[in-house]
Amino acid sequence: MPLFDPFPVLHTPRLHLRAPCLADAPDFHRHDTDPQVRRYLSRPPPSSLAVTEAKVAGMVDNTDAVAWVLADATTGAFLGYACLWHWDQLNARAELGYVLDPARWGQGLVPEALTPILQFGFERMSLHAIEAWVHPDNHASIRVLAKLGFIKEAHFREHELNLNTHSWDDVLVYTLLRP
């Protein structure tokens, strides 16, 4: 059962943020297997489209997360996705995640997409804080978070086992408190 019914469709001048559906699985798979997208991720890419289809099905029925497809407002093209996940309702916290097609990097689309998502999190999910966990070398993502007002809260050394390199990665935690 979806977390929000009806699903919270959001709009920006250039984006239509809508619910994921199984028909999006090939687009998710293309993004989730792109080496540029995966650069700072510590888990291997999905091994097949069937694995990605299962992931998308889980997004549709998730009870501790809400995920949006970032679609071009004019063409409807799949540009990426964003989510508020690991929702801790007792402590009014959630984690922010996002992926954008590398061909659209540097156009300001991520902050544009995240602005209404953050507003949704604070207003509709009654969050007190939204966290973003980021690899220390992901400077573009760190710039996006700073632009949105996130503050660096922690630097965890060798916090996460990178299943691609079999080494330990540091993780930075950025937080945005409810305005």
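**Figure 1. Strand E3 and its partners.** Strands E3 and E4 run antiparallel and are joined by 6 bridges. Strands here are DSSP runs of E with at least two residues, helices are runs of H or I with at least four, and both are numbered from the N terminus. Two strands pair if DSSP finds at least two bridges between them. This is a predicted model: local features need pLDDT of at least 70, side-chain atom pairs count only at pLDDT 80 or more, and totals for chains, interfaces and linings use all residues. Residues are numbered from 1 along each chain as its sequence is written, and side-chain values use heavy atoms, with hydrogens and water left out. Tryptophan 68 has alanine 82 in E4 as its bridge partner. E3 and E4 form a hairpin with 5 residues between them. In that turn, glycine 76 has a positive phi of about 80°. Strand E2 (residues 15–18) also pairs with E3, in the antiparallel sense, over 4 bridges. There, arginine 18 has valine 69 of E3 as its bridge partner.

**Figure 2. Burial of strand E3.** 7 of the 7 residues of E3 (residues 66–72) are buried, so the strand is largely enclosed by the rest of the structure. Buried means under 20% relative accessible area, exposed means over 50%, and partly exposed lies in between (1.4 Å probe, protein chains only). Both faces of E3 are covered. Val66, Trp68, Leu70 and Asp72 are buried on one side. Ala67, Val69 and Ala71 are buried on the other.

**Figure 3. The E4–E5 hairpin.** Strand E4 (residues 78–88) pairs with E5 in the antiparallel sense over 7 bridges. Aspartate 88 stands opposite arginine 93 in E5. The two strands form a hairpin with 4 residues between them. Alanine 92 is found in the loop between E4 and E5. Its phi is positive, about 55°, although alanine 92 is not a glycine. At 15% relative accessibility, alanine 92 counts as buried.

Figure 4. Strand E5 (residues 93–100) is mostly covered, with 6 of its 8 residues buried. E5 and strand E6 (residues 129–134) pair in the parallel sense over 3 bridges. Arginine 93 stands opposite alanine 129 in E6. Together, E5, helix H4 (residues 109–123) and E6 make a right-handed β-α-β unit. A crossover is right-handed if, with the strands pointing away from the viewer, the path from the first strand over the helix to the second runs clockwise.

**Figure 5. The sheet as a whole.** An open sheet of 8 strands has the order E1-E2-E3-E4-E5-E6-E8-E7, with mixed pairing. E1 and E7 stand at the edges, each with a single partner strand, so one side of each is left without a neighbour in the sheet. E6 and strand E8 (residues 167–177) run antiparallel and are joined by 6 bridges. Glutamate 131 has threonine 175 in E8 as its bridge partner.

**Figure 6. The largest pocket.** The largest pocket has a volume of about 1400 Å³. A pocket is an open set of points on a 1 Å grid over the protein atoms alone, where a 1.4 Å probe fits, with protein on both sides within 12 Å along at least five of seven lines. Grid points are joined across faces, edges and corners, and the volume is the space filled by probe spheres set on them. The pocket is lined by 50 residues, and lining residues have an atom within 4 Å of a point. Leu41, Gly97, Tyr98, Val99 and Asn138 lie nearest its centre. Helix H5 (residues 139–147) gives the most to the lining, with 7 residues.

**Figure 7. Cysteine 21 and cysteine 83.** The structure holds 0 disulfides, a disulfide being a pair of cysteine sulfur atoms within 2.5 Å. Cysteine 21 is in no disulfide, and the nearest cysteine sulfur, that of cysteine 83, is 17 Å away. That is too far for a bond. At 32% relative accessibility, cysteine 21 counts as partly exposed. Cysteine 83, at 13%, counts as buried.

Figure 8. A cis peptide bond joins aspartate 5 and proline 6, with omega about 5°. Proline 6 is found in the segment before strand E1 (10–11). Glutamate 158 lies in strand E7 (residues 151–162). Its phi is near 45°, a positive value in a residue other than glycine. Glutamate 158 is exposed, with a relative accessible area of 54%.
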